[in-house]
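Subject: Model handover and findings

Hello,

Here is the model for your files, with my notes below it. Please read the notes with the structure open.

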Amino acid sequence: MQQQPAEIVREFGPFSTIERVNGLTYDGHQIWIAVGDQLCAIDPTAGEIVNTFEVPAHSGTAYDGKHLYQIADGRIQKIDMADGTVVATVPAPSTEDNSGMAWAEGFLWVGQYGGRKIHQVEPQTGAVLRTIDSDRYVTGVTWVEDELWHGAWEGDDAEIRRIDPKSGEVEHRLAMPEGVGVSGLESDGGDFFYCGGGSSKTVRVVRRPLSQAKPATT
């Protein structure tokens, strides 16, 4: 297993208009953060909130290339990107213990915080297809290429971990500075992770390890 300190390269916020960052996702242009009763979009160039949808947003957030998905009150909401309308809902794996969420290869991947699990979920029905166990509390979840990463946060200790998608074995650990949490996690599809900062009201950008990043193109 490889381990190293997380390299934080940028920070968005703190945003005075929100109480905390729960889940988050990235649509290729904007970072969407779940802040309780709203989904807010951050322009990563300006570092400012530029759009808001009035929708319950209590934990994980994901994007499938067309729709947003948001967990709240034990359900997964499918959201129209044009106006924030909820177009469908399915049950979440847990009623109260859901955490991060990601989209990959036609499925949702939902973290279970206290249960220390990641579930592969069928997005049309909410059926749990398989479960990966973790030895830490699971916060954010993301896929990049064929790598599965999740956030872990207990007390003042937090990290970003790459795990084997079949066994759950930890393969790489990025340790956050003491007292810096990870409440949500999403890859930008390349060299960086976006990390929710919980009650710090921030989003932090963490460099993906060079050994796992895509090679530079010319």
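Strands E11, E12, E13 and E14 form, in that order, an open four-stranded sheet with antiparallel pairing. Strands here (E, at least two residues) are DSSP runs numbered from the N terminus, as helices are (H or I, at least four residues), and two strands pair if DSSP finds at least two bridges between them. E11 and E14 are the edge strands, each with a single partner, so one side of each has no neighbour in the sheet. From one strand to the next the twist averages 20 degrees; axes are lines fitted to C-alpha atoms (for helices over the stretch in contact), and angles run from 0 to 180 degrees between N-to-C directions.

The model is predicted: local features need pLDDT of at least 70, side-chain atom pairs count only at pLDDT 80 or more, and totals for chains, interfaces and linings use all residues. Residues are numbered from 1 along each chain as its sequence is written, and side-chain values use heavy atoms, with hydrogens and water left out.

Within this sheet, five bridges link strand E12 (residues 107-112) to strand E13 (residues 117-121) in the antiparallel sense. Val110 has His119 in E13 as its bridge partner. Val128, in strand E14, is partly exposed at a relative accessible area of 39%. The classes are buried (under 20% relative accessible area), exposed (over 50%) and partly exposed in between, with a 1.4 Å probe and protein chains only. Beyond its neighbours within four places in sequence, Val128 is in contact (heavy atoms within 4.5 Å) with Pro93, His119, Gln120 and Val121. Val128 and Asp191 are separated by 63 residues in sequence and by 30 Å in space, C-alpha to C-alpha.

A second topic is the sheet with the order E3-E4-E5-E6, which is open, has four strands and pairs antiparallel. Its edges are strand E3 (24-26) and strand E6 (48-53), each with a single partner strand, so one side of each is left without a neighbour in the sheet. The twist there averages 25 degrees from one strand to the next. E3 and strand E4 (residues 31-34) run antiparallel and are joined by three bridges; Leu24 has Ile33 in E4 as its bridge partner.

On to the cores. A nonpolar core is a set of buried Ala, Val, Leu, Ile, Met, Phe, Trp, Tyr and Cys residues joined through side-chain atoms within 4.5 Å. The largest has 14 residues, and Phe12, Ile31, Ile33, Tyr194 and Val203 have the most contacts inside it. At least two residues of this core come from each of E3, E4, strand E5 (39-43) and strand E21 (203-207). A second, separate core of 13 residues includes Ala158, Leu174, Leu185 and Val206.

Strand E16 (residues 147-154) is largely enclosed by the rest of the structure, because six of its eight residues are buried. E15 and E16 pair in the antiparallel sense over five bridges, with Val138 opposite Ala152 in E16. Their hairpin has two residues between the strands, and Glu145 takes a positive phi near 55 degrees in it. E16 is also joined to strand E17 (residues 157-163) by seven bridges, again antiparallel, and the bridge partner of His150 in E17 is Arg161. In the hairpin of E16 and E17, with two residues between the strands, Gly155 has a positive phi near 65 degrees.

- Ser94 sits in the loop between strand E10 (86-91) and strand E11 (98-104) and is buried at 13% relative accessible area. Its side chain reaches the backbone nitrogen of Asp97 at 2.9 Å, a polar contact (a pair of N or O atoms within 3.5 Å; within protein, one must be able to donate a hydrogen and the other to accept it, and residues adjacent in sequence count only if both atoms are side-chain atoms).
- Ser134 is in the loop between strand E14 (128-133) and strand E15 (138-144) and counts as buried at 15% relative accessibility. A polar atom of the Ser134 side chain lies 3.1 Å from the backbone nitrogen of Arg136.

Regards
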